[in-house]
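Here are a few friendly notes to read alongside the model. Please keep the structure open while you go through the points.

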Amino acid sequence: MSNHCPTCNGVIYNRRCKTCGYCGAELPAQLLFTAAEIEAIDKEAAVLAAFHQKQKAEIELEDLKRQLARQQPSVFSTSYFFGKL
Ligand SMILES: [Zn+2]
């Protein structure tokens with residue numbers, strides 16, 4: 001299946017758009033996404049966005065934990081046992 005406009009032969013870069021981005025001609029339905037395909041793509045994008053958001057939050061939490069761990073005195077330091085000398 002060609003992904004070029006039948007009128008001007010320009011590349012169809014957005015298969016959600018009913019008209020050609022170059023010449024404005026109406027594109028045949030078989031070159032476009034169906035409503036169900038668009039819905040499936042949007043759903044997948046939302047799942048991916050939520051996944052990335054969760055990953056980002058986990059990374060930020062790990063960074064915070066690491067920062068806090070650095071602030072607490074190490075069990076290997078003398079100040080841990082004797083306080084500040
Ligand atoms: Zn065109």
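1. Let's start with asparagine 9. With 11 C-beta neighbours inside 10 Å, asparagine 9 counts as exposed, because a residue with 12 or fewer falls in that class. Asparagine 9 sits in the segment before H1. Its backbone is worth a look too: asparagine 9 has a positive phi of about 70 degrees, although it is not a glycine. Please bear in mind that this is a predicted model.

2. Now for the overall make-up. The secondary structure of the chain consists of two helices and zero strands. The chain has 85 residues, and 2% of them count as buried.

3. Helix H1 covers residues 35-71, which makes 37 residues. From its first C-alpha to its last, H1 reaches 54 Å, close to the 54 Å expected at 1.5 Å a residue. How many of the 37 residues of H1 are buried? The count is zero, so H1 is hardly covered, given that a buried residue needs 20 or more other C-beta atoms within 10 Å of its own.

4. Next comes leucine 32, which is also placed in the segment before H1. Is leucine 32 buried, exposed or partly exposed? It has 17 C-beta neighbours inside 10 Å and therefore counts as partly exposed. Setting aside neighbours within four places in sequence, leucine 32 is in contact with Arg15, Lys18 and Leu27. The C-alpha atoms of leucine 32 and isoleucine 12 are separated by 9.0 Å, with the two residues 20 apart along the chain.

5. Finally, take isoleucine 38, which lies in helix H1. Isoleucine 38 counts as partly exposed because it has 13 C-beta neighbours inside 10 Å. Which residues does isoleucine 38 contact, leaving aside its neighbours within four places in sequence? They are Arg16 and Phe33. Isoleucine 38 and arginine 15 are 23 residues apart along the chain, and their C-alpha atoms are separated by 9.2 Å.

Definitions and conventions
Residues are numbered from 1 along each chain as its sequence is written. This is a predicted model: local features need pLDDT of at least 70, side-chain atom pairs count only at pLDDT 80 or more; totals for chains, interfaces and linings use all residues. Helices (H or I, at least four residues) and strands (E, at least two) are DSSP runs, numbered from the N terminus. The expected span of a helix is 1.5 Å times one less than its number of residues. Two residues are in contact if their C-beta atoms, placed from the backbone, lie within 7 Å.
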